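Hi everyone, thanks for making time. Have a look at it first.

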Amino acid sequence: MASGRLPGLGYGSGMDDPTVQRFLTALRDHESGGDPEPLVSLFREDAQIDTATGAHDLRGRDGARRLWAEDRERFGAVRSAFRNVVVQDDRAALEWTREVPARDGATVAVQGVSVLELEDGAIRRFSTYFDPQLLTGATA
């Protein structure tokens with residue numbers, strides 16, 4: 001494993017992209033209860049944000065801040081495990097499994113993919129794909 005990579009992640013080609021590395025580190029910190037601002041700061045002011053639920057029109061850093069705040073409010077501390085991260089040119093695909101708390105005290109495992117479109121060291125578009133029906137038993 002090359003220096004600077006996060007342990008425990010599966011890697012595809014091109015994983016040396018510093019923006020993707022910063023995203024993964026900031027997401028891990030946020031999920032552990034840390035400040036979301038390092039994650040938010042990676043988004044361009046005009047970034048487009050698309051979620052699987054499609055519930056909001058999220059744009060820019062304010063949209064990213066809202067996305068991650070709602071994530072924390074709904075689920076508390078969660079953990080994402082990345083099976084594969086592939087970076088090519090100005091795009092990254094991140095395959096993940098995320099365990100979120102369920103109302104009955106168990107956990108719900110949600111699998112999905114997030115796609116980052118990058119420009120000048122920032123995220124210009126963030127799209128995440130998963131089956132939102134899997135969240136029906138999750139903490140609300």
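Let's start with F126, which is buried because its relative accessible area is 3%; buried here means under 20% relative accessible area, exposed means over 50%, and partly exposed is in between, with a 1.4 Å probe and protein chains only. Before I go on, the housekeeping: this is a predicted model, where local features need pLDDT of at least 70, side-chain atom pairs count only at pLDDT 80 or more, and totals for chains, interfaces and linings use all residues. Residues are numbered from 1 along each chain as its sequence is written, and side-chain values use heavy atoms, with hydrogens and water left out.

So, which ring partners does F126 have? One of them is F23, in a tilted aromatic pair with 5.9 Å centre to centre and 40° between the planes. For the ring criteria, Phe, Tyr and Trp (its six-membered ring) pair if their centres lie within 6.5 Å, and planes under 30 degrees apart count as stacked, over 60 as edge-to-face, the rest as tilted. This pair links distant parts of the chain, with F23 in helix 1 and F126 in strand 6, 103 residues apart. As for elements, helices (H or I, at least four residues) and strands (E, at least two) are DSSP runs, numbered from the N terminus. F23 counts as buried as well, at 2% relative accessibility.

Another partner is F43: the ring centres of F43 and F126 are 6.0 Å apart with planes at 70°, so that pair is edge-to-face. Here F43 in strand 1 is linked with F126 in strand 6, 83 residues apart. F43 has 0% relative accessibility, so F43 counts as buried. A search of the whole structure finds 4 aromatic pairs, and ring pairs link F23, F43, W68 and F126 into a cluster.

What does W68 touch, leaving aside its neighbours within four places in sequence? W68 is in contact (heavy atoms within 4.5 Å) with F23, L27, H30, P36, L39, V40, F43 and F126.

That brings me to the core. The largest nonpolar core has 31 residues, and F23, W68, L116 and F126 have the most contacts inside it. A nonpolar core is a set of buried Ala, Val, Leu, Ile, Met, Phe, Trp, Tyr and Cys residues joined through side-chain atoms within 4.5 Å. Which element gives the most to this core? Helix 1 does, with 5 residues.

Now the sheet behind all this. The sheet is open, with 6 strands in the order 2-1-6-5-4-3 and mixed pairing; two strands pair if DSSP finds at least two bridges between them. At the edges are strand 2 (58-59) and strand 3 (79-88), each pairing on one side only. Strand 1 (residues 43-50) and strand 6 (residues 122-130) run parallel and are joined by 4 bridges, and the bridge partner of I49 in strand 6 is F126. Helix 1 (residues 18-31) packs on the sheet, touching strand 3, strand 4 (91-101), strand 5 (107-119) and strand 6, and its direction makes about 170° with that of strand 3. For the angles, axes are lines fitted to C-alpha atoms, for helices over the stretch in contact, and angles run from 0 to 180 degrees between N-to-C directions. Helix 3 (residues 60-75) lies across strand 1, strand 2, strand 4 and strand 6, at about 50° to strand 1.

Last topic, the charges. How many salt bridges does a search of the whole structure find? There are 15, each a side-chain nitrogen of Lys or Arg within 4 Å of a carboxyl oxygen of Asp or Glu.

One of them joins R65 to D62, with the closest N and O atoms 2.9 Å apart. Both lie in helix 3, 3 residues apart, about one turn of the helix. R65 is partly exposed at 31% relative accessibility, whereas D62 is exposed at 58%.

R83 and E95 form another, with the closest N and O atoms 3.9 Å apart. That pair links R83 in strand 3 with E95 in strand 4, 12 residues apart. R83 is partly exposed at 40%, and E95 is partly exposed at 29%.

Finally, E117 and R125 meet at 3.3 Å, N to O. Is E117 buried or exposed? E117 is buried, with a relative accessible area of 14%, while R125 is partly exposed at 26%. Through shared partners, salt bridges join R44, D46, D50, D90, R91, E117, E119, R124 and R125 into one network.
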